[in-house]
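Here's a quick tour for anyone meeting this structure for the first time.

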Amino acid sequence: MALSQEPGYRGLGPRIALRELVPSPRLAVAVFDRNARVFSKLWRGALLPTFIDPLFYLVAIGFGLGTYVAHINGIPYKDFIAPGLIASAAMWSAAFETTYNVYFRMNELRLYDAVLATPVEVPDLVAGDLLWSSARATIYGTVFLITVAVFGLVSSPWAIAIPPFVFVGGLCFSVIGYTFTALIPKIDLYSYFFTLGITPMFLFSGIFFPFDRLPGWVEAVAWLTPLYHLVQITRGLATGPDALQIALRTGWLVAVSVLLFPIPVRAVRRRLVA
């Protein structure tokens with residue numbers, strides 16, 4: 001039984017008690033473990049498409065266009081875009097996991113109805129899904145990090161610290177995707193999410209070009225997107241980090257994730273429990 005249905009919570013109306021938003025770590029990990037077990041049986045087919053996409057961009061733009069654009073801000077062009085593509089691999093992975101995968105588990109398979117019949121509550125379910133999506137994004141980002149390292153496109157030993165920051169960025173992307181999934185009434189609306197959200201963020205978050213010669217408002221808009229901050233983090237760690245900037249950008253990603261978390265919890269509760 002969900003907390004909102006227990007006698008002690010009757011009469012709360014639209015106001016949700018704080019503890020209804022706080023997940024149980026044990027139960028969230030149980031949901032995470034379920035998703036990880038499923039992925040362990042499907043990873044060969046699931047990993048390849050999202051990994052190949054940034055690889056194509058690296059080869060076509062980094063090695064293709066890179067023959068005409070030698071350096072960006074003193075950095076070889078291939079070295080400039082490679083860390084950004086690590087961040088984008090995490091973004092695409094988290095976006096697909098928290099959109100189509102969550103939608104099908106919630107609405108088509110009705111899996112979440114069965115999960116919520118156990119001691120798992122809505123915050124545990126959402127938190128477990130988000131943890132798994134972040135971990136999956138980290139897997140994709142780490143695999144691509146290894147790839148760009150093999151190509152010799154990493155010049156700083158600090159690049160070994162990239163995966164934990166990719167996890168934080170993946171969490172932010174996951175909360176955004178999960179929020180959209182929890183709010184939309186039909187699957188057709190994902191075309192707007194990817195066309196008007198994910199794709200513009202991919203193209204205009206500083207992966208392929210810097211903002212120093214563009215109007216100031218362009219970087220101001222990009223600053224509001226999580227990919228911009230993750231790109232700056234991964235690029236800094238791959239080429240030589242600025243600890244203060246990395247800390248500030250990481251704090252931004254964490255803050256957005258925490259602030260958005262209640263939205264999908266409330267939306268999923270309305271959809272599945274009400």
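What is the relative accessible area of Asp33, and does that make Asp33 buried, partly exposed or exposed? The figure is 33%, so Asp33 counts as partly exposed. Keep in mind that you're looking at a predicted model.

**Salt bridges**

- The structure has six salt bridges.
- One of them joins the side chains of Glu20 and Arg269, at 3.9 Å from N to O. Glu20 sits in the segment before α1 and Arg269 in helix α10, so this pair ties together parts that lie 249 residues apart in sequence. Both partners, Glu20 and Arg269, are buried.
- Asp33 has a partner too: its side chain meets that of Arg37 in a salt bridge, 2.7 Å from N to O. Both residues belong to helix α1 and are four residues apart, or about one turn of the helix. In general, an α-helix has 3.6 residues a turn, so residues three or four places apart point the same way. Arg37 counts as exposed, because its relative accessibility is 54%.
- Asp113 and Arg110 also pair up through their side chains, with 2.9 Å from N to O. Asp113 is partly exposed, at a relative accessible area of 30%.
- Then there's a network of salt bridges that links Glu97, Arg105, Asp129 and Arg136.
- As background, side chains of opposite charge can pair when their charged atoms come close.

**Two helices side by side**

- Helix α5 (residues 162-183) packs with helix α8 (residues 226-239) at an angle of about 175 degrees, and their axes are 10 Å apart. The two helices are therefore roughly antiparallel to each other.
- On the α5 side, the residues that meet α8 include Ile162, Phe165, Val166 and Phe173. On the α8 side, the residues that meet α5 include Leu227, Leu230, Ile233 and Leu237.

**A covered helix**

- Helix α10 (residues 262-272) has a set of buried residues: Pro262, Pro264, Val265, Ala267, Val268, Arg269 and Leu272.
- What covers them includes α2 (77-108), α3 (111-115), α4 (122-150), α5 and α9 (243-260).

**A nonpolar patch on the surface**

- Val59, Phe63 and Phe151 form a nonpolar surface patch, and together they have about 250 Å² of accessible area.
- Val59 belongs to helix α1 (residues 25-64). With 43% relative accessibility, Val59 counts as partly exposed.

**Loop residues to look up**

- Thr225 is in the loop between α7 (216-223) and α8. Its relative accessibility is 18%, so Thr225 counts as buried. Setting aside neighbours within four places in sequence, Thr225 is in contact with Met201, Ser205 and Trp252.
- Most residues other than glycine have a negative phi.
- You'll find Asn73 in the loop between β1 (71-72) and β2 (75-76), and at 54% relative accessibility Asn73 counts as exposed.
- Arg110 lies in the loop between α2 and α3, and it is partly exposed, with a relative accessible area of 41%.

Key: Residues are numbered from 1 along each chain as its sequence is written. This is a predicted model: local features need pLDDT of at least 70, side-chain atom pairs count only at pLDDT 80 or more; totals for chains, interfaces and linings use all residues. Side-chain values use heavy atoms; hydrogens and water are left out. Patches are made of residues with over 30% relative accessible area and no salt bridge: like charges are joined within 9 Å, nonpolar side chains (Val, Leu, Ile, Met, Phe, Trp, Tyr) within 5 Å. Accessible areas come from the Shrake-Rupley method with a 1.4 Å probe; for residues, only the protein chains shown count as cover. A salt bridge is a side-chain nitrogen of Lys or Arg within 4 Å of a carboxyl oxygen of Asp or Glu. Buried means under 20% relative accessible area, exposed over 50%, partly exposed in between (1.4 Å probe, protein chains only). Axes are lines fitted to C-alpha atoms, for helices over the stretch in contact, and angles run from 0 to 180 degrees between N-to-C directions. Angles under 35 degrees count as roughly parallel, over 145 as roughly antiparallel, 65 to 115 as roughly perpendicular and the rest as oblique. Contact means heavy atoms within 4.5 Å.
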